[in-house]
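The structure is shown first, and the description follows.

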Amino acid sequence: MAIIQYIKRFFRIVSTSSVDPEQQYRRLKLMERDIALPVKVVLLCLTAYYLFFFQHDEIIVRGEDIEITLKQIKAVFLGYALINIGVLVFYLNFNQWPLRIVQWVALGVNILDGLIVSALVVITQGLDSMVYWVFIVLIVRNAIAVPVPVTQISLNLITTVGYTTAISI
């Protein structure tokens, strides 16, 4: 019986946040809107320039079970860019939204970013890629933007699974 009480207490502690709503707004605004968004806009512009204005081989990755073409990469990139344009508009009107919605959007964007960067690791040769080191930046970003421990741990586990899958392909 004492173990059950200990487990309940543990989950109560890790599932609540001691950060007040105003501080959560400030953390999300700083990390997502003021830092991550401008960096992402610059990186998306550079990536678009590289993808659409340079000559590339048609087949980017060829393996036993996988073949990734430039056409597929461009399609995924355009979808990702459109989603980020929507996120940009959302974050520019940041203060008009309730905290809960802002948290869910930030969580969704962080998951999407982790999956996209994991895919970039596959395309850019896995562990030998410089993109692989973005993993550390994503973990730090998740820690700052998501103060609720269970959500933060879950988000970082999803990011880790994405990277583990990327390096095993």
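## Salt bridges

A search of the whole structure finds four salt bridges, a salt bridge being a side-chain nitrogen of Lys or Arg within 4 Å of a carboxyl oxygen of Asp or Glu. One of them joins the side chains of Glu32 and Arg141, at 2.8 Å from N to O. Because Glu32 lies in helix H2 and Arg141 in helix H5, this pair ties together parts that are 109 residues apart in sequence. Both Glu32 and Arg141 are buried, where buried means under 20% relative accessible area, exposed means over 50%, and partly exposed covers what lies in between (1.4 Å probe, protein chains only).

Another salt bridge is formed by the side chains of Lys40 and Asp113, again with an N to O distance of 2.8 Å. This pair links distant parts of the chain, with Lys40 in helix H2 and Asp113 in helix H4 (residues 99-123), 73 residues apart. Lys40 and Asp113 are both buried, and a network of salt bridges links Glu32, Lys40, Asp113 and Arg141. Asp34 forms a salt bridge with Arg33, with 3.4 Å between the closest N and O atoms; Asp34 is partly exposed, at a relative accessible area of 40%.

## Basis of the model

The model is predicted, so local features need pLDDT of at least 70 and side-chain atom pairs count only at pLDDT 80 or more, whereas totals for chains, interfaces and linings use all residues. Residues are numbered from 1 along each chain as its sequence is written, and side-chain values use heavy atoms, with hydrogens and water left out.

## Overall fold

The chain has six helices and two strands, these being DSSP runs numbered from the N terminus (helices H or I, at least four residues; strands E, at least two). Along the sequence they follow the pattern α-α-β-β-α-α-α-α. Of the 169 residues in the chain, 34% are buried. Among contacts (heavy atoms within 4.5 Å) with a separation of 6 or more, 68% are between residues 24 or more positions apart.

## Helix packing around H2

Two packed helices are described by the angle between their axes and the distance between the axes. H2 and H5 (residues 134-145) pack at an angle of about 150 degrees, with their axes 9 Å apart, which makes H2 roughly antiparallel to H5. Here the axes are lines fitted to C-alpha atoms, for helices over the stretch in contact, and angles run from 0 to 180 degrees between N-to-C directions; angles over 145 degrees count as roughly antiparallel. On the H2 side the contacts include Arg27, Leu28 and Met31, and on the H5 side they include Ala143 and Ile144.

Asn84, placed in helix H3 (residues 70-92), is buried, with a relative accessible area of 5%. Not counting residues up to four places away in sequence, Asn84 touches Lys40 and Leu44. Asn84 and Leu37 are 47 residues apart in sequence, with a C-alpha to C-alpha distance of 8.7 Å.

## Surface

The accessible surface of the chain comes to about 10,900 Å², and carbon and sulfur atoms account for 69% of that surface; accessible areas come from the Shrake-Rupley method with a 1.4 Å probe, and for residues only the protein chains shown count as cover. A nonpolar surface patch is formed by Leu30, Ile35, Val39, Val42, Leu43 and Leu46, which together have about 530 Å² of accessible area. Patches are made of residues with over 30% relative accessible area and no salt bridge, like charges being joined within 9 Å and nonpolar side chains (Val, Leu, Ile, Met, Phe, Trp, Tyr) within 5 Å. Val39 lies in helix H2 (residues 21-53) and counts as partly exposed at 46% relative accessibility.

Conventions: Parallel < 35°, antiparallel > 145°, perpendicular 65-115°, else oblique.
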